[in-house]
Amino acid sequence: MENQKEHFRHILLFYFLKGKNASQAHKKLCAVYGDEALKERQGQNWFAKFRSGDFSLKDEKLSGLPVEIDDDLIKAIIDSDRHSTTREIAEKLHVSHTCIENHLKELGYVQKLDTWVPHELKETHLTQRNNNCDLLKKHNENDPFLKRLITGDEKWVVYNNIKRKRSWSRPGEPTQTTSKADIHQKKVLLSVW
């Protein structure tokens with residue numbers, strides 16, 4: 001098919017160099033090869049190209065052709081980190097993020113918010129907190145360091161404020177879980193004496 005197109009372009013170039021116009025060249029070409037051989041508009045486009053000084057007969061590479069991406073590679077990236085964004089995946093694969101979005105839809109992935117699970121204090125943490133309090137109390141009994149405090153300042157430092165994220169999963173698959181953040185921000189009191 002491509003050879004036939006190039007053959008028609010050679011004929012158009014021949015008629016262009018003979019001084020014919022696009023309409024005349026189209027009629028002569030269709031008289032030999034049939035009416036479906038070439039559309040008149042295509043002939044006019046090639047004549048315009050010849051008039052601009054470009055006599056190459058090959059098609060120019062189109063920028064809008066679909067990019068081939070290995071679906072297994074996208075699946076591997078999603079499996080390694082379900083919270084990957086389309087832009088992060090696109091950066092890794094050197095394609096546009098809309099291309100990644102289209103492939104993810106074809107693969108059946110949808111983006112869902114992670115589910116909150118209640119934050120529970122584990123028994124080991126509770127025991128550790130009690131032990132630390134007992135140690136400080138015993139230390140104060142042996143060496144009353146609390147009486148030596150002259151002045152102090154305090155600063156509340158905010159830390160570990162978990163935000164809910166979106167992750168990729170297929171319909172029917174369970175969503176990722178994230179420990180639920182407290183109503184109030186988590187903070188620690190930094191005291192300096």
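Of the contacts in the protein chain with a separation of 6 or more, 73% join residues 24 or more positions apart, a contact being heavy atoms within 4.5 Å. This is a predicted model, in which local features need pLDDT of at least 70 and side-chain atom pairs count only at pLDDT 80 or more, while totals for chains, interfaces and linings use all residues. Residues are numbered from 1 along each chain as its sequence is written, and side-chain values use heavy atoms, with hydrogens and water left out.

The protein chain holds seven helices and six strands; helices (H or I, at least four residues) and strands (E, at least two) are DSSP runs, numbered from the N terminus. Along the sequence the pattern reads α-α-α-α-α-α-β-β-α-β-β-β-β. Of the 193 residues, 23% count as buried. Buried means under 20% relative accessible area, exposed over 50%, and partly exposed in between, with a 1.4 Å probe and protein chains only.

I turn to helix H3. Its twelve residues, 40–51, should span 16 Å at 1.5 Å a residue, and the end C-alpha atoms are 17 Å apart, which agrees; the expected span is 1.5 Å times one less than the number of residues. The buried residues of H3 are Gly-43, Trp-46, Phe-47, Lys-49 and Phe-50. Seen down the axis of H3, these buried residues fall within an arc of 155°, so they line one face of the helix. The arc is that of the directions from the helix axis to the C-beta atoms. Arg-41 and Arg-51, both exposed, sit on the face of H3 turned away from the buried side. After H3 comes Gly-53, with a positive phi near 100°.

The next topic is the largest pocket. Its space is about 340 Å³. On a 1 Å grid over the protein atoms alone, a pocket is an open set of points where a 1.4 Å probe fits, with protein on both sides within 12 Å along at least five of seven lines, and lining residues have an atom within 4 Å of a point. Grid points are joined across faces, edges and corners, and the volume is the space filled by probe spheres set on the points. Among the 14 lining residues, Lys-5, Arg-9, Ala-37, Leu-38 and Gln-42 are the closest to the centre of the pocket. Helix H1 (2–17) and H3 each supply at least two residues of this lining, and H1 gives the largest share, four residues. By class, the lining has five nonpolar, three polar and six charged residues.

Thr-86, Ile-89, Ala-90 and Leu-93 are the buried residues of H5. Down the axis of H5 they fall within an arc of 100°, so they line one face of the helix. These buried residues pack against helix H4 (71–80), H6 and strand S4 (166–169). On the face of H5 turned away from its buried side are the exposed residues Arg-87, Glu-91 and Lys-92.

Most residues other than glycine have a negative phi.

Finally, Cys-99 is found in helix H6. Cys-99 is buried, at a relative accessible area of 12%. The C-alpha atoms of Cys-99 and Ile-69 are separated by 9.0 Å, although the two are 30 residues apart along the chain.

Notes: Nonpolar A, V, L, I, M, F, W, Y, C, P; charged D, E, K, R; others polar.
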